[in-house]
Amino acid sequence: MKKILLTGSLGQIGSELVLRLREEYGNDNVIATDIRRDENNKACTDGPFELLDVTKGEDMAALVQKHRPDTMIHLAALLSAVCEAKPQLAWAINMGGLVNALELAREYQLQFFTPSSIGAFGPSTPKDLTPQVTIQRPNTMYGVTKVSGELLCDYYFKKFGVDTRGVRFPGLISYVAPPGGGTTDYAVDIYYEALLKGEYTSFIKEGTKMDMMYMPDALNAVIQLMEADPAKLKNRNAFNISGMSFAPEEIAQEIKKHLPSFQMKYDVDPIRQGIADSWPNSIDVQCAKDEWGFRAQYDLAAMTKDMLDKLRIKLNIQG
Ligand code: AKB
């Protein structure tokens, strides 16, 4: 990666990945794009930024012609709960945007990254230590777009030789930018509410385990995979990766170690619970370890300490 163009740069991942890439590859070599501008987001202000609606292929092409990147990181997509509420729009953005981006990767021979998700699995997938290659019959529109995306990226690699790479992200937890409309969002919200209100009402029920990962590990994973020796990659789209797996009561227990009076309540949202129930309890990350050296640094305890420390500063909370 020498010159990188990102879509969806002001989202949860993009807001941090753009800055991390600018540190590694230089400000001018990382072109951030998004459908909106936000002068409070450094991804928008600390280097090149362009407005882009990813469903408009000609606009995307004009930016590739203008900036001449060698790499495209395509992040723009709707998350699981929003996809269920607006399935037609989800297809238009998640698949329409991906096809536009892949076509440019083919035409301009760009290295290509796009994330898949644990949402690419479904109710008939093995629930525990879910293998890299397994049954993928998701029953959500998010899952349908993620499996289709994985297959399409494989197709562009095999048919056109595009260097496509990707991971199946679990729920991502960060204190910088909030996620929007995901099923795993509770695991971010809980830290804010624990500090601000001393209690949290979870929309996911007790006992529902899902894979999660702290954002610094997710950013490292993207860079490590993109820099990996292609000869070592047997899989490409997309690698299972995860930092931890927990249920709501387990994250609540961990928070209580730092905030002993913290209280957890439950008011389950049937839509998001249904999505969570269709996803694995924990996935097997061995292929990512073997093929490009994936390692997550943060477990639930280390992440919780860091989240609470960083959010205290961000929210200006003493003690
Ligand atoms: C979501 O909950 O939709 C995302 C995901 C796991 O892909 N965080």
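1. Burial. Of the 319 residues in this protein, 54% count as buried, where buried means under 20% relative accessible area, exposed over 50%, and partly exposed in between, using a 1.4 Å probe and protein chains only. Keep in mind that this is a predicted model: local features need pLDDT of at least 70, side-chain atom pairs count only at pLDDT 80 or more, and totals for chains, interfaces and linings use all residues. Residues are numbered from 1 along each chain as its sequence is written, and side-chain values use heavy atoms, with hydrogens and water left out.

2. Overall dimensions. The radius of gyration is 19 Å, which agrees with the value near 20 Å that a compact globule of 319 residues would have. For the record, that radius is taken over C-alpha atoms, and the globule rule is 2.2 Å times the number of residues to the power 0.38. Along the principal axes, the C-alpha atoms fill a box of roughly 55 × 45 × 40 Å.

3. Secondary structure and contacts. I see 12 helices and 14 strands listed for the protein; these are DSSP runs numbered from the N terminus, with helices being H or I of at least four residues and strands being E of at least two. Taking contacts between residues at least 6 apart in sequence, 78% join residues at least 24 apart, a contact being heavy atoms within 4.5 Å.

4. Surface and charge. The accessible surface comes to about 13,500 Å², and 51% of that belongs to carbon and sulfur atoms. Areas come from the Shrake-Rupley method with a 1.4 Å probe, and for residues only the protein chains shown count as cover. As for charges, the mean positions of the 35 positive and 41 negative ones are 2 Å apart. Here Lys and Arg count as positive and Asp and Glu as negative, with His and the chain ends not counted; each charge is placed at NZ of Lys, CZ of Arg, CG of Asp or CD of Glu.

5. Helix α1 (residues 14-25). Gly26 follows α1 and has a positive phi, near 95 degrees.

6. The 13 residues of α8 should span 18 Å, and the end C-alpha atoms are 19 Å apart, which agrees. Buried in α8 are Met215, Asp217, Ala218, Leu219, Ala221, Val222, Ile223, Leu225 and Met226. Leu219 is worth a look: with a relative accessible area of 6%, Leu219 is buried. Leaving out residues up to four places away in sequence, Leu219 touches Ile13, Glu16, Leu17 and Arg20. Leu219 and Leu17 are 202 residues apart along the chain, yet their C-alpha atoms are separated by 6.0 Å.

7. Helix α6 (residues 141-160). With 20 residues, α6 should span 28 Å, and its end C-alpha atoms are 27 Å apart, which agrees. The buried residues here are Tyr142, Gly143, Thr145, Lys146, Val147, Gly149, Glu150, Cys153 and Tyr156. Their packing partners are α4 (80-85), α5 (87-108), β5 (111-113), β6 (116-117), β7 (164-165) and β8 (167-169). After α6 comes Gly161, whose phi is positive, near 75 degrees.

8. Phe239. This residue sits in strand β12 (residues 239-240) and is buried, with a relative accessible area of 0%. Beyond residues up to four places away in sequence, Phe239 touches Gln132, Gly166, Val167, Arg168, Leu225, Leu233, Cys287, Ala288, Glu291 and Trp292. The C-alpha atoms of Phe239 and Phe294, 55 residues apart along the chain, are separated by 9.8 Å.

9. Backbone spots to check by eye. Most residues other than glycine have a negative phi, and most peptide bonds are trans. The bond from Asn237 to Ala238 is cis, with omega near 15 degrees, and Ala238 is in the loop between α8 (215-227) and β12. Leu129, not a glycine, has a positive phi of about 45 degrees; Leu129 lies in the loop between β6 and α6 and is exposed at 56% relative accessible area. Asn316 also has a positive phi, about 60 degrees. Asn316 is placed in the segment after α12 (300-314) and is exposed, with a relative accessible area of 61%.

Key
The expected span of a helix is 1.5 Å times one less than its number of residues.
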